Amino acid sequence: MEKKTAPEPVRDQARDHLLTPQNCVLALIDFQPEQYGTVTSTTRERIDLNVVALCRLATKFGVPVVLSTVGVDMGVNQGTSQVIKDELPGVREIDRSGVNAWEDADFRAAIEGTGRRKVVIAGLWTEVCLTFPTLDMLAEGYGVYPVADAVGGISQVAHDRAFDRMIAAGAQPVTAISFGSELMRNWAREDSDKLREVMRWYFPRKQELDADGK
């Protein structure tokens, strides 16, 4: 049998039913100190690991990123965690007063402005700032992909029931590394090193967190 060293033909990346660098946008919502401080379903270190992975993957594959905060202009909250902002130079924060980002005109315009109908989304908390815009976007015909390992709720019950609700409405959960694999798709493609580079950082860091119980 002939050895397989060449990639399969690339499907139409704008119309593919799977995620591609050309058909999706990444939305990151409310990764702020006040939100992290009340999450108990996972650790801050684990959230940061996976959100940073999302940022690096989006950057390497050219996926647009929409970044949003809540309550900064009101003076009640701080902005996005610096470890995340450092991964997104040039991406401005869209501040809101409401918990549902889809009800904010600037956030909505930023998503609509990409022209993309598949939204990969992560936010704190799972049960509020992730769930509400997810449900609204699904109702308007978007494909929505909550990143299960890059989010957290105020309890495990709150996190789990939020995913039950989103899935029942049609959301399709992913994880940080599955997102990267879906973008890359084939190890023989010229751009496959983009995922390899993230994995070379990701797995040693994950092993450290596993060993430390974080």
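## Overall Architecture

Buried residues, those under 20% relative accessible area with a 1.4 Å probe and protein chains only, make up 50% of the 214 residues in the chain. The model is a predicted one, in which local features need pLDDT of at least 70 and side-chain atom pairs count only at pLDDT 80 or more, while totals for chains, interfaces and linings use all residues. Residues are numbered from 1 along each chain as its sequence is written, and side-chain values use heavy atoms, with hydrogens and water left out.

The chain contains 8 helices and 5 strands, assigned as DSSP runs (helices: H or I, at least four residues; strands: E, at least two) and numbered from the N terminus. Along the sequence these elements follow the pattern β-α-α-β-α-β-α-β-α-β-α-α-α.

## Dimensions and Contacts

The radius of gyration, taken over C-alpha atoms, is 17 Å, which agrees with the value near 17 Å for a compact globule of 214 residues; the globule rule is 2.2 Å times the number of residues to the power 0.38. The C-alpha trace spans about 65 × 40 × 35 Å along its principal axes.

The chain exposes about 10200 Å², of which carbon and sulfur atoms supply 51%, by the Shrake-Rupley method with a 1.4 Å probe. Among contacts (heavy atoms within 4.5 Å) with a separation of 6 or more, 79% join residues 24 or more positions apart.

Leaving aside residues up to four places away in sequence, Ile 111 touches Val 25, Ala 27, Val 66, Trp 102, Arg 116, Val 119 and Tyr 142.

## Strands E4 and E5 and Helix H5

Strand E4 (residues 118-123) runs parallel to E5, and 4 bridges join them; pairing requires at least two DSSP bridges. The chain passes from E4 through helix H5 (residues 126-139) to E5 in a right-handed β-α-β crossover, clockwise from the first strand over the helix to the second with the strands pointing away from the viewer. Lys 118 stands opposite Gly 143 in E5.

In a regular strand the side chains alternate between the two faces of the sheet. Both faces of E5 (residues 143-146) are covered, with Gly 143 and Tyr 145 buried on one side and Val 144 and Pro 146 buried on the other.

Thr 134 lies in helix H5 and counts as buried because its relative accessibility is 0%. Beyond residues up to four places away in sequence, Thr 134 touches Ile 121, Val 144, Pro 146, Met 166 and Ala 171.
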